[in-house]
Protein chains: 2
Amino acid sequence: VAFPTAGVLLIGNELLSGKVVDENLHYLSTELFALGIDVRRAVVVPDETDEIVEALLDLLRRVDLVITSGGIGPTHDDITVAAVAQALGRPLELDAGLVERVKQVFGDRLDEAHLKMARIPRGTVLVESAQTRFPALVVDRVCVLAGIPKLLRRSFAAIRDRGLLPASRPRLVSTVYVTTDEWTLAPRLDRVVAAFPDVLLGSYPVLDDPGYRVRLVFEARDADRVDEAVSAFVEQLPPGQVVRTERHR
Amino acid sequence: VAFPTAGVLLIGNELLSGKVVDENLHYLSTELFALGIDVRRAVVVPDETDEIVEALLDLLRRVDLVITSGGIGPTHDDITVAAVAQALGRPLELDAGLVERVKQVFGDRLDEAHLKMARIPRGTVLVESAQTRFPALVVDRVCVLAGIPKLLRRSFAAIRDRGLLPASRPRLVSTVYVTTDEWTLAPRLDRVVAAFPDVLLGSYPVLDDPGYRVRLVFEARDADRVDEAVSAFVEQLPPGQVVRTERHR
């Protein structure tokens, strides 16, 4: 069985020049993981149409679903919607409902900056969310979200709750904290990896935690296999080196 | 004049499944920006050799310098060094100095996990830094850094201080905080962008700050042009809408 995959495209010069700390990849990764959708790649590009178009097309070749973050708004550097339309080969069209919405906010004297927010790729599904002035866009296999973290979270939740994301089976995760060092662990982990090719196993050392040295993360769609792999691993350690084990979906 | 460009390759399943919040892109972007090196793209890939090799080759086609983060260590999921060697077409070789280092730490009974840390691509420059057990690798146009933020920072600083990064001229940055909304700003920003094509201008709205609505960032290598663009922008605003202006390299 193939499980659905996703890519994340973060758009903004500010993310590449240290002016803003991205929060959206972590949020989206966490949420998509909980849904059983595997994020296979994330790409950060500047506010340049060619870069956005090319990165989006590349991600669409790799994954089932792409989520973009940033570049939504009325100013010159907000070019994501037009770039998505270009990448998908869809014309940008004024949406009558959005034009009405803009008029309600700004009155009848609309200029190009106002109308820009009402222009969307043909065939877009608009997804409203509470407390958000403009809807998120879903078009083809692309979800187009604003970059401001609070707005992005509302829009993502609305898209998820509308059932617009692919259905999947979440992975079970078990995390084992040990006082063993990575050098000692390595051959033991190799044996577990060889015996459980269907279980993803990550090894994450920490430098300054007095409580443990390495965090091991075991993941699989099949909960039994995770539990068996954890047992096979723990059996190989000298007594007392496992600080604790957490098991969660 | 072409200024040097960089790409950042972040490696690790944990970054794509929400288990770890990346800190390294923000650090590297900030540092490279301060050096006048433009980060053109960042890519996050899982711990898979094919993904790392392909993403690295793609970045090398785009930029002058690639910095990788993560996948360094003795366990099965630490595959970055071998993937870099493969991408660059260089054989992996045991480094005699590193073998000695490993022996000092672990004694003469070395297994494959220990020797793995001594195996590097032919032609690698090793860069030592204080308090770090193993050196960072610089090979061709690739800097290979550990993913643990503290180690990454030490290694990056050591590479920079050894003069191994391309020399450049930093950009001057001026930031203007205004109470104006983005809709009103948009046509005014368009005029500045048209008159100052050499000045990068970013517009970053915030939702919940009582002090200002939008942060405008002006950047260019030529400080005079930044100052002129800021003046041309501020002149267009009604009095009292500029909260403050910051000017910094």
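Which residue of β11(B) stands opposite B:Ser203? Select B:Ser203 and look across: the residue facing it is B:Leu216. Before you go on, know that this is a predicted model, where local features need pLDDT of at least 70, side-chain atom pairs count only at pLDDT 80 or more, and totals for chains, interfaces and linings use all residues. Residues are numbered from 1 along each chain as its sequence is written, chains are lettered from A and ligands numbered from 1 in the order in which they are written, and side-chain values use heavy atoms, with hydrogens and water left out.

**Stop 1: a sheet in chain B**

Helices (H or I, at least four residues) and strands (E, at least two) are DSSP runs, numbered from the N terminus. Two strands pair if DSSP finds at least two bridges between them. Now colour the open sheet of four strands in chain B, ordered β10-β11-β9-β12 with antiparallel pairing. Its edges are β10 (200-205) and β12 (242-248), each with a single partner strand, so one side of each has no neighbour in the sheet. Between β10(B) and β11 (residues 214-220) you will find six bridges.

**Stop 2: salt bridges within chain B**

A salt bridge is a side-chain nitrogen of Lys or Arg within 4 Å of a carboxyl oxygen of Asp or Glu. Select B:Asp38 and B:Arg221, whose side chains meet in one at 3.1 Å, N to O. This pair links distant parts of the chain, 183 residues apart: B:Asp38 is in strand β2 (residues 38-45), and B:Arg221 is in the loop between β11 and α9. Both B:Asp38 and B:Arg221 are buried, where buried means under 20% relative accessible area, exposed over 50%, and partly exposed in between (1.4 Å probe, protein chains only).

Move on to B:Asp140 and B:Arg90, which form a salt bridge at 2.4 Å, N to O. Is B:Asp140 buried or partly exposed? B:Asp140 is partly exposed, with a relative accessible area of 45%, and B:Arg90 counts as partly exposed at 24%.

**Stop 3: a covered helix**

Select α4 (residues 80-88) of chain B. Seven of its nine residues are buried, among them B:Val81, B:Val84 and B:Leu88. After the helix comes B:Gly89, with a positive phi near 65°.

**Stop 4: where the chains meet**

Show both chains. One to select is B:Arg41 with A:Glu54, at 3.4 Å, N to O.

Finish at B:His114 in helix α6 (residues 112-116) of chain B. B:His114 is buried, with a relative accessible area of 9%. Among the residues that B:His114 touches are A:Trp183 and B:Phe106.

Terms used. Contact = heavy atoms within 4.5 Å. Lists of a residue's contacts leave out its neighbours within four places in sequence.
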